[in-house]
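Reader: I have a structure open and some questions about it. Can we go through it piece by piece?

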Amino acid sequence: MTRKALVVRLPFGLVLDTPVLSASGCYGAGLEGAAFGDLAALGALVTKTVTPRPRAGNPPPRIYETPCGMLNSIGLENPGVEAFLANDLQRALQQSRPLILNVGGESLEEYEAIVERVQGCGAVALEINLSCPNVQGGALPFSTDPAACELVVRRCRERSTLPFFVKLSPNVSTSLLLEVAAAAEAAGADGLTLINTLLGRAIDWRRRKPRLALGSGGLSGPAIKPVAIHCIASVRAKTRLPILGVGGAASAEDICEFLAAGADAVQVGTAQFRDPLAAVRLVQEVEDLLVGAETSASELTASTRAR
Amino acid sequence: MPQSCLHRVTENRALGGGSFVLRVAGPFEGVRAGQFCMLQSAELWLFLLPRPFSWFDVFEPGDTALRSDEATGAATFLGKVVGPGTARLAALEVGDELHVTGPLGRAWPSVEEGGPEPICIAGGVGLAPFLLWAKEGRAARKPVSLLYGGASAQALPAAGDFAATGADFHYATLDGSRGHRGSVLDLYRDLVGRGLLDGAAPVYCCGPDPMMEAVAAECRERGLRCVVSLETYMACGYGVCNGCTVEVRSAGRFAGRRYVKSCIEGPVFDSEELLWHASTAHG
Ligand SMILES: Cc1cc2nc3c(=O)[nH]c(=O)nc-3n(C[C@H](O)[C@H](O)[C@H](O)COP(=O)(O)OP(=O)(O)OC[C@H]3O[C@@H](n4cnc5c(N)ncnc54)[C@H](O)[C@@H]3O)c2cc1C
Ligand SMILES: Cc1cc2nc3c(=O)[nH]c(=O)nc-3n(C[C@H](O)[C@H](O)[C@H](O)COP(=O)(O)O)c2cc1C
Ligand code: FES
């Protein structure tokens, strides 16, 4: 059943039944959540970042709770693309939800390699993670330097017939974010994902030690929602590209706020840790809110495009 | 199938010293001793992650211990206030809602066929995962031996809840206010030395990290199997955040691995599977 108030049609032909998606790194590939209930209502599942080589991840402790949010320093732990394709992909695709495969790397060559490797894998789109804060010498420059961003996105474009979103970092000034977003668009990105986590740190002052083993990490959860809304609204004012909004969404009100900021769809991350069915439950609540307000998801997003 | 839903609080019993037993109504199926769940009070206004708690007791429909408002069953959790999350759970009142996700994680391994009955060693609220184990023991085997230690008598709550299990309790307190004066490990050595406990039996242990590490070291020396239940910091509890990892020896079921998720592969581990210094770094 398509629900009129919820359906999202993206310009490159992708149709999402609802604007509520799961965020990368916060829901595996849906397999764990499916043990608790039916995920059929979700718009799409976004996988945890898959890299060309396996990554063991960072030493523990990797997470620490902060006011209305949490810090994480997972370090892109994943089994590597070959093991992912061999062991996890088929089961993930069988969830019958559109799969958006999030990929990452540590160098230009790695981005080229992984984008090439996953063509035809069955995902409806890719999300290219240019912005993980937890990998040393990792991808960050691609998300903070417009020229580097343009180069990596162009190389990915040349190698991808799959549509792709480019996931950007909020750890820059607004003007630099706009430059990086424009660079991604110019190089052929089909859409943008905003935002990845904010850099942050917590310290156990009694032990004079950071709470996370590696010192700093990425801040997520409701604490960062206003930052996400700001980034999305700022970028929306400059582009017609589809935007997947992410950062602190935890309620149906939040989802509608993201749409009204200019996001076409919204990913739910940290809120999924509270409840494996958090995003699934939001779908109905968002529909009720939109219908009650006599509007629709696409109308909310479009209201910002007109400006 | 594990569940993630709201349940109504039917009792919250304060035990002194910040300890409490929280009780909720609802069907809880398929819970095995040693497993845990994620608890979270229902209000959304202040965002907190859920907190991992061992299942203390579970009552199936028809159990005579159920009350009139618990027709579908009930479960209890033994807690101690150490921060904001546990403080909020301790403050819940009858009629409030609690979100419970579970059962999660690996249970205590079953007793080897014909092998000796494991000796249980608990520190403080580390007692929690042993009540269901003792109940199972009562039903299937013989009463379990439980060594229960803490700083003082006040740090040893809820032993009374074990009455129906026939568990054989031995107490140790650092200040001598209850049972043996000293640590549970001293007590263990003493009881084994006097032939009152089977010195060849495996040890199942749950408590503060330093205690578990000391017990694991003792068992290694004695060539005994030691099984521990780790209290790792967790965000999701169901395997999606990769935040709860512990460092393991690359051998046995973890061959080729460096980090494993405590919420999926644990919280119950054989102590020899763990690299202790790294796994308990947060302690
Ligand atoms: C599988 C599992 C089962 C558990 N079962 C029980 C139980 O039955 N009863 C019970 O009372 N507690 C149990 N715990 C521990 C409980 O989850 C923590 O005490 C709780 O999360 C602390 O939350 P808080 O907000 O009150 O404190 P916080 O502010 O989060 O922490 C207060 C202090 O406790 C430390 N801490 C926080 N979480 C943990 C943790 N998981 N392990 C060790 N130290 C921690 C922090 O570093 C800090 O120093 C269990 C933990 C796990 C992983
Ligand atoms: C534990 C954790 C792991 C994450 N892993 C990834 C990842 O592998 N790739 C990625 O692009 N983003 C990752 N993220 C970022 C989220 O997808 C999201 O952008 C961010 O958390 C903000 O959304 P939220 O507040 O809803 O969680 C991770 C976030 C968390 C909390
Ligand atoms: S607590 Fe999230 S993966 Fe274990």
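**Ligand 1 and beyond**

Author: By class, 12 nonpolar, 7 polar and 3 charged residues make up the shell around ligand 1. Ala, Val, Leu, Ile, Met, Phe, Trp, Tyr, Cys and Pro count as nonpolar, Asp, Glu, Lys and Arg as charged, and the others, Gly among them, as polar. This is a predicted model: local features need pLDDT of at least 70, side-chain atom pairs count only at pLDDT 80 or more, and totals for chains, interfaces and linings use all residues. Residues are numbered from 1 along each chain as its sequence is written, with chains lettered from A and ligands numbered from 1 in the order in which they are written.

Reader: Which residues are the closest to ligand 1?

Author: B:Gly83, B:Gly85, B:Thr86, B:Ala128 and B:Glu231. A residue is near a molecule if its C-beta atom, placed from the backbone, lies within 6 Å of it.

Reader: And which domains does ligand 1 lie between?

Author: Domain 1 (3-102) and domain 3 (232-283) of chain B, because both give residues to its shell. The bounds come from an automatic or database domain assignment.

Reader: New topic. Is A:Arg9 buried or exposed?

Author: Exposed, because A:Arg9 has 12 C-beta neighbours inside 10 Å. The cut-offs are 20 or more other C-beta atoms within 10 Å for buried, 12 or fewer for exposed, and partly exposed in between, with C-beta atoms placed from the backbone.

Reader: What does A:Arg9 contact?

Author: A:Val15 and A:Ser298, leaving aside neighbours within four places in sequence. Contact means C-beta atoms, placed from the backbone, within 7 Å.

Reader: How far is A:Arg9 from A:Thr295?

Author: Their C-alpha atoms are separated by 16 Å, and the two are 286 residues apart along the chain.

Definitions and conventions
Two residues are in contact if their C-beta atoms, placed from the backbone, lie within 7 Å.
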